[in-house]
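Subject: Structure for your review

Dear colleague,

Please find below the structure that I am handing over to you. I would ask you to keep it open while you read the notes that follow it.

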Protein chains: 2
Amino acid sequence: MKFFHVKTVSETLRIINEQFQPCRPPVELPLIEVCGMVLAEDVISDEQVPHFSRSTVDGFAVCAKDTFGASDSLPAFLDITGRIEMGMAADTALHEGQAQAIPTGGMIPAGADSVVMIEHVEEVGEMLNVFRQVAPGENIVRAGDDVERGELVMACGHRLRPQDLGVLSAIGRTSVRVHPRPIVGILSTGDEIVPSEKKELAPGEVRDINSVTIGAAARQCGATVLYGGIVKDDYDTFAKRASELFHKVDFLILSGGSSVGTRDYTVQVMQSLGDPGVLVHGVATKPGKPTILSKAGEKPVMGLPGHPVSAMIMFQLFAVPILERLQGLRPAQTDLRLSAKIARNVPSAVGRTDYIRVKLEEREDGLWAVPVFGKSGLISTLVESEGIVEIAANKEGIVEGESVKVHLFKS
Amino acid sequence: MKFFHVKTVSETLRIINEQFQPCRPPVELPLIEVCGMVLAEDVISDEQVPHFSRSTVDGFAVCAKDTFGASDSLPAFLDITGRIEMGMAADTALHEGQAQAIPTGGMIPAGADSVVMIEHVEEVGEMLNVFRQVAPGENIVRAGDDVERGELVMACGHRLRPQDLGVLSAIGRTSVRVHPRPIVGILSTGDEIVPSEKKELAPGEVRDINSVTIGAAARQCGATVLYGGIVKDDYDTFAKRASELFHKVDFLILSGGSSVGTRDYTVQVMQSLGDPGVLVHGVATKPGKPTILSKAGEKPVMGLPGHPVSAMIMFQLFAVPILERLQGLRPAQTDLRLSAKIARNVPSAVGRTDYIRVKLEEREDGLWAVPVFGKSGLISTLVESEGIVEIAANKEGIVEGESVKVHLFKS
């Protein structure tokens, strides 16, 4: 077996970005199903939006030059030659000296180049007094102003939000090519682990919390989850169950028992699933050091620590970007973490990236991140926490009042 | 009909917080279904977590006082009287002068009060040399250290995240009482609006974008959506269709056509659905001024502007807190918006709260919010935008470099 050095967080993230990509072909799905999924095509519009020139106000469509110089004391006089209705074609052309009533959103008739607002006119029978001049194009959105035919509307690798579906809908798309949701398999290991449904625990037994937390977190990231259950610390059974689950999923997560034996088995099992095998064996973080990452064929396999808190933080740190790569999402260009001031000194060791849980408090001088302490592995601290703060590997700690970035937990 | 003054944003939010609350009784659901839902009970633990005292390291369980004074040159000598296995009860009590091998997570035997790490001992047959002293309690998590029996673990009104499900699971809960997902009905109105599936648009027609965007946004907030389709600008039909949908949902959203006629009908229809009727008729914002909020019985009814951009921003601003109240979520105590510097001057009128769309750029001196401009109602601007920035009603605008809070769009 190869010997592995512990990797830094940035080395591990670089490996993730280099090694993983969508492992299944894109699928075409109806718009109503794709919110949160990632585009697998560049969307080019076949249509203009709006597809006709429309008024942005209630008023009268006119030729702008007929209104030049018009004022309260010297109005322009126009003939009212029609009334445009919502949703109908404006099929009577407008000539100089004429006006047609038009509602907000109504279609601009041929010959008109602007709209005078209803507040600036007076109707006198079939005549219109115009008290304010308008410029050509005023109060009009022209055909194609929003989207031109042939325009790139959205690029491949974009995660679809509600407003993006609106734009796709506006250009006449009813379905779109997206990367399928990755299927994540979760297998818990450890002789002490029992199903979370078990009511009365025998001494020494611990419920399988990681399947619950990691499963829900994976679904939050757009994955479908296949629960593999629990396997005892026996190499043959573990290898067999892992292999069965591996073949049904796109990304296998092994949640490790915390004993020495289980940790050893996890690496052997990961190697047994296929080449190239283990890429990262241990990460220089606290918590989460025993995290293992491997690749079998094109699929990622990750070994998370058994402690629920470490498992959750390592999932946020490494499994989330793996899921993003499997979904074809472009890596983020911008750091969208919240800024806050840390509420007390936190020591840390140089060479190790520390993650501390924090809750947030709004004070008069801004947002403060208050560390939530507790013995390692205390899961109740996660309920109080709203996010995590990173103490970089090159720092000996952070001092009270120092500005930190908070990675918020999803809710 | 009553006469309404335009309300400010904070007046409208106060009305929302005062008027709306969960309108259906809580339901008991399995943990696997409740991620993102809101707790409708105070969760008190029936159990201790961990439910037995466990070791946090691999080593030997001992009586701490047997190790006092132990060092490399003067080790303590103990008898090895057992080996504790993972997941099994430690049923042999430990006496003075004895040690039992124990893995990380293993159960501490009666009589032991601490664990010496494996690195600090040497096994010689059935004897153990201990080279380091330990204090009572060292390397142990005691029963109940994480959660005590009778402790309040999570309070009513808390939105359940993956880690919260983990804690519920740890205390033996397999189901929990939550507020049911609110059912949101969406009805689009306007003579010009046609179904978004329509391929070839006739002149004057516009696809129903708001059902798509508002429907997806409501689902992101945990709602179930009932699509009511499109109704023409005819009072009787509009009132009948609105009433039918209203009786099937917890929250009715009317997405208004933009013509004057439709706006008038919307208010009449909202009044016709029941008392107390319209609460807010117009909000001092740009965009979104024609937003209307009413209450019929205990249910909220909201009239959104027809422009997709205005509708989306007004949904974020007012419909999201309504959905939070309907789900029983406690109002947020902390402002979790991102800070950024605005990248150019943006003028605004005093007395009106303006919302501008921004994209974010990471620069050397921090995060910048770059306004995304475009004519009102241009939906393509929403694709580029990552969030919205508020210009408060008491400001005449914001100047380049000024710090602003960004409300991120969900993705």
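The loop between strand 2 (43-44) and strand 3 (54-55) of chain A holds A:Pro50. The peptide bond that leads from A:Val49 into A:Pro50 is cis, and its omega is near -10°. Please bear in mind that this is a predicted model. Another cis peptide bond runs from A:Asp275 to A:Pro276, with omega near 5°. A:Pro276 belongs to strand 18 (residues 276-281) of chain A.

A:Asn139 is not a glycine, yet its phi is positive, near 65°. This residue sits in the loop between strand 9 (127-130) and strand 10 of chain A. With a relative accessible area of 18%, A:Asn139 is buried, because the cut-off for a buried residue is under 20%. In chain B, B:Asn139 likewise has a positive phi, of about 60°, without being a glycine. B:Asn139 lies in the loop between strand 9 (127-130) and strand 10 (140-141) of chain B, and its relative accessibility of 18% counts as buried.

Helix 6 itself covers residues 308-326 and bends by about 45° at A:Phe315. Of the 19 residues in helix 6 of chain A, 18 are buried, and the helix is thus mostly covered.

A:Gly82 is placed in strand 5 (residues 76-83) of chain A. Beyond its neighbours within four places in sequence, A:Gly82 is in contact with A:Ala99, A:Gln100 and A:Ala101. The C-alpha atoms of A:Gly82 and A:Ala93 are 9.5 Å apart, and these two residues are separated by 11 residues along the chain.

I turn next to the interface between the two chains. The size of an interface is often expressed as the accessible area that is lost when the parts come together. Chain A and chain B bury about 6900 Å² between them, and 61% of this area is on carbon and sulfur atoms. A:Arg161, A:Gln163 and A:Val383 supply 9% of the area that chain A buries against chain B, which is more than any other three residues supply. In terms of contacts, 84 residues of chain A meet 84 residues of chain B.

How many residue pairs are in polar contact between chain A and chain B? The count is 23, with both residues at pLDDT 80 or more. Several elements of chain A give two or more residues to the side that touches chain B, among them helix 2 (162-170), helix 3 (209-220), helix 5 (260-272) and strand 24 (353-363). Helix 2 of chain A gives the most to this side, with 8 residues. By class, the side of chain A that touches chain B has 39 nonpolar, 21 polar and 24 charged residues.

Helix 2 of chain A also contains A:Asp164. Is A:Asp164 buried or exposed? A:Asp164 is buried, its relative accessible area being 0%. Its side chain makes a polar contact of 2.8 Å with the side chain of A:His158. Neighbours within four places in sequence aside, A:Asp164 is in contact with residues of both chains, namely A:Met154, A:His158, A:Arg159, B:Leu382 and B:Val383.

Finally, there are the salt bridges. Side chains of opposite charge can pair when their charged atoms come close. Over all chains, the whole structure has 32 salt bridges, and 2 salt bridges cross the interface of chain A and chain B. The side chains of A:Arg207 and B:Glu47 form a salt bridge of 2.8 Å, N to O.

Within chain A, A:Arg24 and A:Asp250 form a salt bridge whose closest N and O atoms are 2.8 Å apart. A:Arg24 is in the loop between helix 1 (9-19) and strand 1 (27-30), whereas A:Asp250 is in the loop between helix 4 (235-246) and strand 17 (251-255), so the pair ties together parts that are 226 residues apart in sequence. A:Arg24 is partly exposed, at a relative accessible area of 32%, while A:Asp250 is buried, at 6%.

In chain B, B:Asp354 forms a salt bridge with B:Arg352, the closest N and O atoms being 2.8 Å apart. B:Asp354 is buried, with a relative accessible area of 5%, and B:Arg352 is partly exposed, with 26%.

With kind regards

Methods:
Residues are numbered from 1 along each chain as its sequence is written. Chains are lettered from A and ligands numbered from 1 in the order in which they are written. This is a predicted model: local features need pLDDT of at least 70, side-chain atom pairs count only at pLDDT 80 or more; totals for chains, interfaces and linings use all residues. Side-chain values use heavy atoms; hydrogens and water are left out. The bend at a residue is the angle between axes fitted to the seven residues ending there and the seven starting there. Helices (H or I, at least four residues) and strands (E, at least two) are DSSP runs, numbered from the N terminus. Buried means under 20% relative accessible area, exposed over 50%, partly exposed in between (1.4 Å probe, protein chains only). Contact means heavy atoms within 4.5 Å. Buried area is the accessible area (1.4 Å probe) that two parts lose on being put together, summed over both. A salt bridge is a side-chain nitrogen of Lys or Arg within 4 Å of a carboxyl oxygen of Asp or Glu. A polar contact is a pair of N or O atoms within 3.5 Å; within protein, one must be able to donate a hydrogen and the other to accept it, and residues adjacent in sequence count only if both atoms are side-chain atoms. Ala, Val, Leu, Ile, Met, Phe, Trp, Tyr, Cys and Pro count as nonpolar, Asp, Glu, Lys and Arg as charged, and the others, Gly among them, as polar.
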